[in-house]
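Please read them with the sequence and the model at hand.

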Amino acid sequence: MPVLHLAPGVAIDEDEIVFTMIRAQGAGGQNVNKVSSAVHLRFDLGASSLPQAWKEALMQKADRRISSAGVVVIKAQAYRSQEKNRADALERLTALLASVAEPPKPRKPTRPTKGSQQRRLQRKVRHGEVKRMRGRVSED
């Protein structure tokens, strides 16, 4: 049964995602010390059913959540309940995968306008004059 529907024809099965329950960090009193409410989500890109183009795009992404071995690790500990942390981890995984779902728009090269070129040259002249005025004062 698919857990996440990412795009038409692209879904992730529940057995591809590994959840590990751990104790949350930080202050919180007795609840934090007793209950394993934080969630570690692990998703192996190489063994997943994602399209090859998505896998390659994710591996090229400079994201610290993706290891060099191609495993996505997301730690969710914002909430006090496991269910909310699990849902938060799944949302963050979905957002990460959606970021590569659509290829980036190609950049169209543009030229600077005539006015922007003139303003840049005027700033350069003004700055040069300021620097020239910093020199020694001649006593003629």
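1. Leucine 4 is buried, with a relative accessible area of 10%; buried means under 20% relative accessible area, exposed over 50%, and partly exposed in between (1.4 Å probe, protein chains only). The residue is found in strand β1. Helices (H or I, at least four residues) and strands (E, at least two) are DSSP runs, numbered from the N terminus.

2. On the basis of the values: this is a predicted model, in which local features need pLDDT of at least 70 and side-chain atom pairs count only at pLDDT 80 or more, while totals for chains, interfaces and linings use all residues. Residues are numbered from 1 along each chain as its sequence is written, and side-chain values use heavy atoms, with hydrogens and water left out.

3. Which residues does leucine 4 contact? Leaving aside neighbours within four places in sequence, they are Val10, Ala11, Ile12, Ile17, Leu90, Leu93 and Thr94, where contact means heavy atoms within 4.5 Å. Leucine 4 and leucine 90 are 86 residues apart in sequence, yet 8.1 Å apart in space, C-alpha to C-alpha.

4. The largest nonpolar core has 21 residues, and Phe43, Leu50 and Leu93 have the most contacts inside it. Such a core is a set of buried Ala, Val, Leu, Ile, Met, Phe, Trp, Tyr and Cys residues joined through side-chain atoms within 4.5 Å. At least two residues of this core come from each of β1 (2-7), β2 (10-13), β4 (38-44), α2 (52-60), β5 (71-76) and α3 (82-98). The most is given by α3, with 5 residues.

5. Leucine 50 touches Leu6, Val10, Ile12, Phe43, Leu45, Lys55, Leu58 and Leu97, not counting residues up to four places away in sequence.

6. In α2, Trp54, Lys55 and Leu58 are buried. They lie on the same side of α2 because they cover an arc of only 100 degrees around the axis; the arc is that of the directions from the helix axis to the C-beta atoms. On the other side of α2, Gln52, Ala53 and Gln60 are exposed.

7. An open sheet is formed by 3 strands in the order β3-β4-β5, with antiparallel pairing; two strands pair if DSSP finds at least two bridges between them. The edge strands, β3 (17-22) and β5, each pair on one side only. Between β3 and β4 there are 6 bridges, and threonine 20 stands opposite histidine 40 in β4.
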